[in-house]
Amino acid sequence: MIWALAYFPVLAGLAIWAIGGSRATLGAMGAVAAAATLALALVAGGGTGRFVWSELIVLQAALPPLAQSVAILVPAILLPITLFATSQEDTRGLPRLVGLMLVFTGGMELVVIAGDLVTLLIGWEIVGACSWALIGHKWREQAPGPSANFAFVLTRAGDLGLFLAVMATMGATGSASYAALGTLDGVPLALAAFGLLVAAVSKAGQVPFAPWLFRAMDGPTSVSALLHSATMVAAGAYILARLHPQLSAAPGFGAAAIAVGLGTAVLGGIVALRQTHAKKLLAGSTSAQMGLMIATVGAGYPGVAVLHLIVHAATKAALFCAAGVAHRVSGSFDLRRMGLAASLPAATVLTAIAALSLAAVPPLSGGWSKEEMVKALEHAGPLLGALTIVSGGLSAAYATRFAVAAFGPGETRDARTRPGEMAALALLSGGALALSALWLPAVNEPVAAWIGAELPSGSRIGLIASLVAVAFGVLAGVHAARADSTDPTPEWLGLSALYEYAVIRPFHALSQTAADFDDTTIDQSVIRPFQALSQTAADFDDATIDGLAPGAATGAMTGSARAARGAIGIAVQGSAALAALGAGLGERLSDLIPDGTGRVTGMAGADLRRLQTGLAHHYYTILMVGFALAVGLLIFGG
Amino acid sequence: MLTLAVLIPLLAALVLAFAPLSEAASRWTATGAAALSLIALMVVWAAGGEGFRAVAEVPWIPALGIAWRVGVDGMSLSLALVSALVFVAATAWPMKLHDARAYYAWMAFLAGVSIGLFVTLDLIVFYVFFDLSLVGMYFLIGRWGHGDAQHAALKFFIYTLAGSLLILIGIIVLALNMPTLTFDMRAMIDTPPLAAAGVVPGLVFLAFVIGFGIKTPVFPVHTWLPPAHVNAPGPASAILAGVLLKMGTYGLIRIPLQMMPETFARWALPLAIIGVVSIVWGSIVAFAQENLKRRIAYTSVNHMGYTVLGIAVAGSALGSETARQLALTGAVVEMIAHALITGALFLIAGSVWQRAEDYHLPNFGGLAGTAPRLTGAATLAAFASLGLPGLAGFVAELQIFVGAFGVYPWLAVIGLLGILITAALFLRMLRQMFFGDLPAERKGFTDLNRTETVLLTALLALVVLIGIWPTWLLLLIDAPSLIPAIGAGG
């Protein structure tokens with residue numbers, strides 16, 4: 001049952017890809033499959049599963065409440081995005097898109113239900129591979145292919161951390177289960193904890209892995225909506241929250257998570273604020289928001305991080321859908337060319353709800369979960385709390401800027417809304433709005449109790465500072481949206497260029513050098529000594545051949561050890577003869593085919609056959625001679 | 001039954017050599033022979049059993065302890081099965097050929113000797129098959145290859161023959177050191193000769209490592225492989241990678257690891273280092289290749305590096321028994337996975353050559369539109385080769401790395417780089433071949449035909465099956481039984 005949560009969406013996705021159909025058919029099939037997955041997630045709670053590979057490797061699944069909340073979230077976000085995709089994206093390749101989004105969801109569900117590190121690794125990399133296929137969806141265009149490759153390779157670099165965690169855990173305990181992970185200490189624990197941290201921050205688009213999220217923007221908008229909300233990036237934040245009990249004992253783990261998370265939260269906020277590309281603004285925001293979640297886990301509040309993950313998923317998916325609608329109507333992702341309030345009034349209202357939630361304005365849901373995170377980080381230290389508040393102010397600024405620039409006042413255009421897009425936007429923004437009920441203690445307390453989240457208490461001054469920062473952020477965002485005319489700054493504060501010049505190009509050069517070295521030096525250095533040896537042996541052979549054979553025979557009779565030496569001597573002779581044969585053949589070959597221009601196609605079949613018959617003849621002669629020598633040796637030796 | 005599995009393809013080769021069959025009849029004779037051989041092996045598999053099974057023995061030269069001995073354990077049975085399968089796919093693969101009857105005769109011959117190598121229990125017969133496989137491959141490359149096929153075939157021939165002579169010497173010395181002269185593998189595994197430390201065991205071990213290392217191939221004796229692959233016809237490349245390379249690693253396990261465990265344990269670390277260097281070097285050099293087949297060929301060096309690392313760890317007598325078992329299981333699974341995956345990749349490369357007569361990757365692009373089935377198969381095979389979980393390569397590499405980490409942690413960590421670089425190089429290959437703009441000269445590029453689709457589907461379905469549910473394969477391989485007694489308890 002619990003495994004169905006992973007394989008059902010995969011099979012359904014492959015089936016939909018194979019069947020295909022019109023927009024409406026695909027939308028209906030995709031939505032039904034997503035709803036069925038959602039139903040599975042609702043009923044599978046508390047279940048466990050085992051799948052035996054071998055005595056040593058057993059795949060395990062479990063669905064405690066914390067995991068179940070995310071297992072429910074993933075299909076719940078997929079459903080509106082499927083409606084959006086089938087309404088917005090090109091019909092060419094649409095079955096593949098809808099199908100792969102379901103497979104992607106299945107991979108994510110495998111990450112969610114994993115009860116051991118091997119299962120986690122399987123889901124983890126399937127998610128990565130699906131993101132590759134989805135980012136590169138429009139394969140006819142030039143940009144998506146390289147971007148998909150960049151994203152996969154960069155996240156796989158992080159995956160090596162997960163490999164390391166598997167190796168360390170299995171090496172120390174013989175098992176890769178989460179339970180075994182919890183028993184680690186010392187070096188294995190540190191390796192496992194930091195390996196997982198690296199894997200998680202790479203998936204979650206944290207510094208220094210953040211640039212892949214920008215490159216991922218070359219994928220379709222619906223893919224971005226899914227990838228930035230409930231799958232892929234969410235996997236990074238989720239797994240740290242899920243495994244927090246096992247990993248928190250590692251020295252420095254919490255501090256490292258906070259450092260990476262808060263660092264990215266602030267830097268990502270700056271990156272987002274300075275972007276003029278609608279999707280890249282949101283991508284910078286995703287890094288920042290995931291950073292806040294990871295820092296919250298580091299501060300010891302994994303449940304709070306998961307609650308923000310859920311709220312953020314609805315919010316961010318809605319905003320990507322809004323960006324997609326704005327792009328379709330305005331013809332570009334440039335925030336300076338939008339201003340669609342008059343053209344799309346309903347979409348403007350729905351976007352405003354989601355944007356205000358991302359800005360963490362009370363009483364919207366994003367405001368509640370962000371304040372919980374501020375409180376959590378306050379516990380870790382006042383400075384950290386202050387940085388979180390700054391990051392919150394930045395969120396308010398870029399979210400406001402996005403909404404005002406994209407859906408602010410502007411000329412009225414011919415903008416027909418499409419029902420699927422609007423349904424998706426309404427469901428997602430509505431979800432973000434509905435989650436605002438979390439402000440009520442009557443709601444947040446049972447929810448927190450269910451997933452096992454401890455809600456931190458906070459200071460009044462922190463709350464006031466946070467709200468002030470949000471207010472300033474909103475004002476700054478409005479101002480930025482109106483004043484904006486600058487061109488985009490270097491991608492991710494120059495990190496993208498750093499990869500290009502410090503990693504990718506040097507590696508290309510290294511690889512080319514290695515290949516040249518392999519073709520010339522290594523090839524020759526293996527052949528030359530052999531040639532020299534065989535020449536020496538051949539000379540030796542000429543000079544002493546009469547003397548050696550009886551000597552070897554006598555030696556062989558005296559014992560097997562000497563026979564061995566004799567055998568080696570014979571082998572040297574054999575190889576010398578062989579080399580001579582080879583050299584002779586090479587000469588004949590050169591005679592037959594003028595070097596460089598000689599092609600098999602141009603060769604007469606008769607010549608070819610003569611050459612080969614000659615070769616076989618010589619070869620078998622040598623083989624028989626060698627065999628006779630061996631037999632002789634054995635007779636003497638035995 | 002095993003004798004049948006060897007004789008049927010050899011008889012088919014004989015028939016093809018003399019009977020004037022048409023091209024189609026030749027192709028189906030050879031394919032049918034390989035398929036019958038596969039069925040015979042499956043019968044043995046179905047019969048089950050532990051240790052060496054389906055044993056048969058016919059005296060040949062009793063005075064020297066040489067006999068026609070056949071029998072398989074889990075490892076050799078699984079390798080023989082996958083070899084037979086690769087042969088079925090490679091012989092059935094549609095080709096435009098001159099002298100087709102001779103081509104299929106050599107294919108059938110090669111199938112017989114390759115399967116023979118895996119099922120024989122006599123070292124002399126092993127050696128003979130080892131060398132005969134070389135002869136068969138030489139002719140396939142030399143006569144039906146393209147480009148500079150003659151030089152490539154000769155280089156392949158000289159290199160591996162030099163290796164095989166070293167192996168012959170090693171075999172003779174081992175036999176001479178048995179209490180009674182015999183070439184029976186079972187006897188040598190039960191009472192390993194040359195157990196003492198000393199120069200002779202070290203030299204014999206070295207001879208085996210060089211001999212099998214050339215065949216595998218490992219760094220730095222791998223340079224014969226790329227030209228051989230590039231110039232060979234696609235199906236021959238599939239056999240070279242899928243079957244012949246395995247003879248090297250199979251030999252490493254069967255002879256040095258099982259028959260000279262003490263010596264192996266002393267030299268395990270250098271061998272593991274060679275494995276890791278092959279992993280990293282193979283992938284870095286593969287990355288730079290702009291020739292489709294050269295790129296795949298160098299990934300073979302990388303993958304066989306994983307296998308060698310796993311074998312070295314298994315024989316190290318260090319770490320926990322669990323770690324060594326995992327490493328050896330991984331190594332054998334890697335051989336099988338590599339046979340299926342790289343076999344499929346080379347068959348795909350063969351199709352590309354048949355359609356475009358070009359391997360230069362920058363000359364391609366956008367084939368996903370004209371050849372979606374080819375794109376799908378190549379994508380799946382490429383992801384399998386880069387070790388994506390859910391596919392066979394991952395099952396192997398995970399176990400190798402986990403096992404290696406328990407014995408040589410640093411080597412395992414360095415080896416991990418290999419899976420990152422292979423990811424980069426395969427994705428680059430996919431983009432260059434299939435995505436972006438379709439060049440004008442590729443407009444008429446046709447998709448896989450029905451036969452090609454069926455054959456690739458069969459190979460790749462197995463890759464997926466092993467990736468998701470490897471239990472049956474791991475039970476069949478039964479790696480714990482392969483690790484010699486010296487390793488126990490360590």
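**Figure 1. Buried residues in chain B of a predicted model.** Of the 490 residues in chain B, 70% are buried (20 or more other C-beta atoms within 10 Å of the residue's own, with C-beta atoms placed from the backbone; 12 or fewer is exposed, and anything in between is partly exposed). The model is predicted, so local features need pLDDT of at least 70 and side-chain atom pairs count only at pLDDT 80 or more, while totals for chains, interfaces and linings use all residues. Residues are numbered from 1 along each chain as its sequence is written, and chains are lettered from A and ligands numbered from 1 in the order in which they are written.

**Figure 2. Helix α3 of chain B.** This helix (a DSSP run of H or I, at least four residues, numbered from the N terminus) covers residues 74–92 of chain B. At 1.5 Å a residue, its 19 residues should span 27 Å, which agrees with the 27 Å between its end C-alpha atoms. The expected span is 1.5 Å times one less than the number of residues. In α3(B), 19 of 19 residues are buried.

**Figure 3. Surroundings of B:Tyr298.** B:Tyr298 sits in helix α12 (residues 292–314) of chain B. This residue counts as buried because it has 27 C-beta neighbours inside 10 Å. Leaving aside residues up to four places away in sequence, B:Tyr298 touches B:Pro226, B:Gly282, B:Val285, B:Ala286 and B:Gln289 (contact: C-beta atoms, placed from the backbone, within 7 Å). B:Thr223 is 75 residues from B:Tyr298 along the chain, and their C-alpha atoms are 9.3 Å apart.

Key
Helix = DSSP H or I, 4+ residues; strand = E, 2+ residues; numbered from the N terminus. Contact = placed C-beta atoms within 7 Å.
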